[in-house]
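This report describes selected local features of one protein model. The sequence and the structure follow.

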Amino acid sequence: MRTMSGDQVEAAVASCTAALRPALERDWEGVRAAGMEWSCRTTAFHIAEDFVAYASRLAGRAGHRLPLAVSLPEGTGNAGLLQVIEATGALLTAAVRTAPPGVRAFHANPFGSADREGFAAMGVAEALLHTHDITRGLGLPYEPPADLAASVLAWLFPHVRPGPEPWPTLLWATGRGELPGRAPVTDWTWYNNLVLPAGRVTLTGIRPAAADDLRLGGTGGFDWLDDGPYEGTRQACSHLMKAYETGVHRPEFGVFALVRAEDGRAIGGMGFHGAPDEEGRVEIGYDLVTGARGHGYATEALRTLTAWALAREDVDTVIATVERDNLPSQRVVTRAGFVRASVDEERIAQDAYDMGTGLLLYLRR
């Protein structure tokens, strides 16, 4: 699996400082960073500010922005500023390495929080992209290691179809470059994974980096109960990757691991078969490892995920198809509020969904 950890933060800091060190004698304050309203010096200090913000939130498990600010002593030169980037980068590296799995802290866009991998990825992105802005302003060459750019794309840009080379793709995705055959990007955001508490379990959004590992037989970075994950989760991750590779994946309508709150073990998968159609219909599916069945986990998660979906303006109906002889699964969806479709509704749905001989159940707003 393509990893994102403190190692990647260290590598990004090293890439940044190596690129800027040849220009220590230049006037960074008098030159504007490319594409920015800030000077090269202000942009460089912004990298350090982000490192401090991310490290402090993650280390403090903060649920909001912390009233914390850093400043440079008067007279600090460019060499001192690089030392500040190195020092604050080390703080973020340490915070990422010491944070337990699953810990999340505040980050506004787009879902309100990030985990340790998300904060690492954001730190790497800030370092790479703003180093690009500064070096372009100063007329210096810069291209970071391709694996760093590829990791940022896999962890923070699940909505972006991979390009032939990761660095030009990342520049295009953030409005800093062009890619043949793709329209220019003028408005962009990155995506940390969506996480939804659901009683005794947490629905943890699976990123493309983890989905790729799961479809190939790995764990996706989760600690699975018993013999997990079940084959349905791996198949769902295969569908997620196909959508990602063709540029139609919407991360909020992807696949979620069901992580048990009591011990952090992953016990199943649940998610959507794609984004809502023009009628506002979206199909949902799930599975559990054998040892987690019969305890109500799926019902709790299904209620939470359907409530989240139906609260959106683009969703009017959530659909589930269940095999006719799978009585336990039928009980799960009915306990979650789904009702059986009529014969006519099932006949119509056959044209839109690959139902086979399954039962159609739905929940409407």
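## Salt bridges

How many salt bridges does the count come to? In this predicted model, the count comes to 18 salt bridges.

One of them pairs the side chains of Arg250 and Asp314, at 3.1 Å from N to O. Arg250 lies in the loop between α8 and β5 (255–260), whereas Asp314 lies in the loop between α9 (297–310) and β8 (317–322), so this pair ties together parts that are 64 residues apart in sequence. Arg250 is partly exposed, its relative accessible area being 30%, and Asp314 is likewise partly exposed at 27%.

Because Arg312 belongs to the loop between α9 and β8 and Glu252 to the loop between α8 and β5, the pair ties together parts 60 residues apart in sequence. Arg312 is partly exposed, with a relative accessible area of 22%; Glu252, at 9%, is buried.

A further salt bridge, of 2.9 Å from N to O, links the side chains of Asp314 and Arg312. Through shared partners, Arg250, Glu252, Arg312 and Asp314 are joined into one network.

## His132 in helix α4

His132 is placed in helix α4 (residues 116–138). Its relative accessibility is 8%, so His132 counts as buried. Beyond its neighbours within four places in sequence, His132 is in contact with Tyr142, Trp167, Leu171 and Arg176.

## Helix α7

Helix α7 (residues 208–215) is mostly covered, with six of its eight residues buried. These are Pro208, Ala209, Ala210, Ala211, Asp213 and Leu214. Their cover includes α5 (146–156) and α8 (231–245). Just after α7, Gly217 adopts a positive phi of about 100°.

Conventions
Residues numbered from 1 in each chain as written. Predicted model: local features only at pLDDT ≥ 70, side-chain atom pairs only at ≥ 80, totals over all residues. Heavy atoms only, no water. Helix = DSSP H or I, 4+ residues; strand = E, 2+ residues; numbered from the N terminus. Buried < 20%, exposed > 50% of the residue type's maximum accessible area, 1.4 Å probe, protein only. Contact = heavy atoms within 4.5 Å. Salt bridge = Lys/Arg side-chain N within 4 Å of Asp/Glu carboxyl O.
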